[in-house]
Amino acid sequence: MRELLLYFFSLLFLNLTSVYAQDNGGDKRQAQEIPKEPEVRKKGKLTLGGYGEAVMSRMFYSSSYKRYSDASSYRNSSGYGQFDLPRVVFYIAYDFGKGWTMSSEIEFEHGGTESAVEIEEEETGEYESEIERGGEVALEQFWIQKSFSPGFNIRMGHVIVPVGLTNQHHMPTEFFTVYRNEGESTILPCTWHETGISLWGKSDKWRYEGQFLAGLDANRFGSRDWISGGAGSPYDFKLATAYAGAFRFDNYSVRNLCLGLSGYLGNSAPNSLEPDKYKGINGTVSILAFDFDYNTENLIIRGNMDFGHLTGSEKITAANNSSRQDSPSPKTAVASDAVATGIEAGYNILSLSGKIDSREQKLFLFGRYEYYDSMYKTQGSVVDNECWSRRRIAAGLNYKPLKEIVIKAEFSHRLLKSQYNNENTLSLGIVYTGLFEK
């Protein structure tokens, strides 16, 4: 599977490069302009803005927690519907002058605070209070930056961890599907935000970023989401007995094409208020991700490949299962390896009409395919729960009356292993992204 996907992405890259060379006179290439950073530049300038998503969905499968453990009993379920506000984010930035800037984002998820009650589908179906991060609202970003030059900037505070395509491009106008990339959003925290120090810079063809962060919390790893829950904290502070590093490189040498390579490395087991439970376990998390974004006036193609590995997963599974009943741990098995791959493509069909100015408004017809498995490989006595190995096919439309606003419609077909029931969903959404300077 890995070899096939690597071959596919390599072939796609070569084809895109070839097309560009033919359209632009062979080697006479111009570097794609690197997207501008959101922070403000002029002294005393205030920037306000944000982004938001409103969604209506109809799931044509059962909502019962037993739909995987007793799949045959729910084969003909009539399904259920829901309304959702996945994210509403308010952004504020200010330039103090002499290279010092501030930026912050306050995020409301699902129309409220980051406390919720859900039915736990992995075990007994009990109602479970889920606290993703302490506090009444989520502070997605808050940092102070000192810029010495375009090639060297220091950012200190609460920052986005740019590992994977979705974390780097998480605005709702930057992906076709109604919800974010399902594979990456399952095995990785999305949007992944941590407190730490970031060094970044850019030139005509490159952008780099390196970060020093607190490590993840192994107590919150699980079967369904792999290490994703480890980025949150149920306390008023983030445990930082163990540390981690993250990096990202983006290349813009080919016009309209961005190639990204990112990664993460850090221990997770020591980040616990019960250190004896993880004695002798490092729980090292390593992630490597490759992504690309080919973006022209009327054609957009994006793809990602993410691989993750966790050392000591068998011991972490045993330790988490031995947790107290009131522990925030999901108390489920943790895999040693997880994977997420995907590709999406969209074409502006309004460009085919000579009567409509497709530069003013666009209508993208898109398709997406992805494969992801939060229990791709297991260690020792850890049992692989095959319901977490999934493929997903989606198709739909994105109508953009303005650059900042998108109305989305999508039908998706989630394919599970043969012993389970496939899951179809119809979703409609409206999103916006905007910055307002004063």
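Ten bridges connect strand β3 to strand β4 (residues 100-109), and the two run antiparallel. Welcome to this predicted model, in which local features need pLDDT of at least 70, side-chain atom pairs count only at pLDDT 80 or more, and totals for chains, interfaces and linings use all residues. Residues are numbered from 1 along each chain as its sequence is written, and side-chain values use heavy atoms, leaving out hydrogens and water.

- Strands pair if DSSP finds at least two bridges between them; helices (H or I, at least four residues) and strands (E, at least two) are DSSP runs, numbered from the N terminus.
- β3 (residues 87-97) is also joined to β1 (residues 46-59), by seven bridges in an antiparallel arrangement.
- Y91 in β3 stands opposite G49, while V88 has F108 in β4 as its bridge partner.
- The hairpin of β3 and β4 has two residues between the strands, and K98 there takes a positive phi near 55°.

**A nonpolar surface patch**
- F96, W100, F148, F152, M156, I197, L199, F212 and Y243 make up this patch, with about 890 Å² of accessible area together (Shrake-Rupley method, 1.4 Å probe, only the protein chains shown counting as cover for residues).
- β8 (152-160) and β9 (193-202) each supply at least two of the patch residues.

**The whole chain**
- The chain has four helices and 19 strands.

Note on methods: Patches are made of residues with over 30% relative accessible area and no salt bridge: like charges are joined within 9 Å, nonpolar side chains (Val, Leu, Ile, Met, Phe, Trp, Tyr) within 5 Å. A salt bridge is a side-chain nitrogen of Lys or Arg within 4 Å of a carboxyl oxygen of Asp or Glu.
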